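Open the model in your viewer and keep the selection panel at hand. This tour goes from stop to stop, saying what to select and what is there.

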Amino acid sequence: MNILVVGGAGYIGSHTAKLLRENQHNVIIYDNLSKGHVEAISEFVFVQGDIFDESLLITTIQQYQIEAVVHFAAFIQVGESVIDPQQYYRNNVVGTLSLLSAMLATNVKQLVFSSTAAVFGEPERVPITEDVAKIQTNPYGRTKWIMEQAMNDYSHAYGLRFVALRYFNACGADPSGAIGEDHEPESHLIPLVLFAASGKRDSIKIFGTDYPTADGTCVRDYIHINDLALAHMLALEYLQSGGSSTAYNLGVGNGFSVKEIIDAAERVTGKAIKRDFVPRREGDPAVLVADSAKIRAELGWEPVYTNVEEIIKTAWNWHSNHPNGYKNY
């Protein structure tokens with residue numbers, strides 16, 4: 001397929017683009033580089049453009065005869081969304097509507113959409129199935145749920161077919177070490193823990209120790225970046241074969257607490273990691289663990305990385321060899 005990967009210079013986008021290319025898909029990257037890194041996509045056809053530039057999106061889709069779109073161009077920091085919701089509603093909602101308009105104008109009707117476990121908020125039960133109530137606890141989660149609902153409406157009205165993939169905690173790096181996780185600022189737990197292990201920061205903050213979990217810290221489902229990428233490829237192939245619009249939860253199904261992640265990182269790195277205990281962050285649910293039975297049954301997806309230490313090893317390989325991220329290139 002000819003696939004447009006919007007936000008393809010970012011963390012998940014670059015790993016997905018790499019896997020798609022390795023499986024003989026023709027990939028075009030579209031990114032404004034506000035968060036992504038051109039060094040991560042040096043081997044791809046790249047169009048630098050903004051998601052709000054509908055005319056450039058239309059031109060790009062037409063020029064490269066795009067058949068399907070994968071959409072990664074979102075803001076993703078929960079805490080930031082609480083402090084400054086305006087930029088989240090503008091980018092994640094208005095920006096996505098701009099992309100959908102360009103797709104409708106060019107008659108491209110297949111979309112894989114990056115959604116999030118944050119659509120569930122504080123879930124009514126765990127593990128979380130797709131039909132659990134959607135009661136978001138932060139603006140980031142709300143922007144993603146708004147777009148899932150909008151895409152359902154577009155699906156009924158215009159024949160758009162989409163797959164929304166609700167990620168749990170993306171982590172790790174490609175085992176090749178060529179690409180990895182490099183956010184500015186970094187907000188994800190595993191890289192922050194590894195920064196503390198490497199001396200890049202003095203300690204790691206643990207936000208809350210009074211959650212109703214075994215050790216009092218938040219529990220999350222950690223899914224390796226290449227397993228996420230595989231799910232995107234399977235979703236594209238599902239749409240290509242005529243599949244109807246749907247949503248899938250994406251996680252391994254096992255949860256690890258913040259303390260357990262830090263302990264595992266100490267074992268992987270052989271380094272002691274100083275911990276600072278601070279109050280909870282607003283909007284952080286206690287436990288988020290996926291039930292991914294639906295995508296396993298319908299698309300045949302199976303995660304390769306199920307051991308958290310193996311996941312952390314791939315991230316440690318990237319960060320050890322790229323202490324300044326893509327600035328090393």
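**Before you start**

This is a predicted model: local features need pLDDT of at least 70, side-chain atom pairs count only at pLDDT 80 or more, and totals for chains, interfaces and linings use all residues. Residues are numbered from 1 along each chain as its sequence is written, and side-chain values use heavy atoms, with hydrogens and water left out. Helices (H or I, at least four residues) and strands (E, at least two) are DSSP runs, numbered from the N terminus.

**Stop 1: the core**

Select Ile12, Leu165, Leu228, Leu250 and Ile295. These have the most contacts inside the largest nonpolar core, which has 36 residues. Such a core is a set of buried Ala, Val, Leu, Ile, Met, Phe, Trp, Tyr and Cys residues joined through side-chain atoms within 4.5 Å. Buried means under 20% relative accessible area, exposed over 50%, and partly exposed in between (1.4 Å probe, protein chains only). Now colour the elements that each supply at least two residues: β1 (2–6), α1 (11–22), β2 (26–31), β4 (68–71), β6 (161–167), α7 (225–240), β10 (246–250) and α9 (293–299). The largest share, nine residues, comes from α7.

Zoom in on Leu228. Leaving aside neighbours within four places in sequence, Leu228 is in contact (heavy atoms within 4.5 Å) with Ile12, Tyr167, Ala170, Ile223 and Leu250.

**Stop 2: His15**

Go to helix α1 and pick His15. Is His15 buried or exposed? At 2% relative accessibility, His15 counts as buried. Beyond four places in sequence, its contacts are Ala173, Asp174, Ile179, Gly180, Ile225, Asn226 and Ala229.

**Stop 3: α4 and α5**

Show helix α4 (residues 85–105) with helix α5 (residues 139–158): their axes come within 9 Å and cross at roughly 20 degrees. That makes α4 roughly parallel to α5. Axes are lines fitted to C-alpha atoms, for helices over the stretch in contact, and angles run from 0 to 180 degrees between N-to-C directions. Under 35 degrees counts as roughly parallel, over 145 as roughly antiparallel, 65 to 115 as roughly perpendicular and the rest as oblique.

The contact residues divide into 14 nonpolar, three polar and one charged. Here Ala, Val, Leu, Ile, Met, Phe, Trp, Tyr, Cys and Pro count as nonpolar, Asp, Glu, Lys and Arg as charged, and the others, Gly among them, as polar.

**Stop 4: α8 and its partners**

From α6 come Leu189, Ile190, Val193, Leu194 and Ala197; α8 brings Val258, Ile261, Ile262, Ala265 and Thr269.

Next, bring in helix α10 (residues 308–321). Its angle to α8 is about 60 degrees, and the axes are 9 Å apart. α8 and α10 are therefore oblique to each other. The α10 side consists of Val308, Glu309, Ile312, Lys313 and Trp316, while the α8 side includes Ile261, Ala265 and Thr269. This contact holds seven nonpolar, one polar and three charged residues.

**Stop 5: Glu298**

Finish in helix α9, at Glu298. Glu298 is partly exposed, with a relative accessible area of 48%. Draw a distance to Phe113, 185 residues apart along the chain: the C-alpha atoms are separated by 17 Å.
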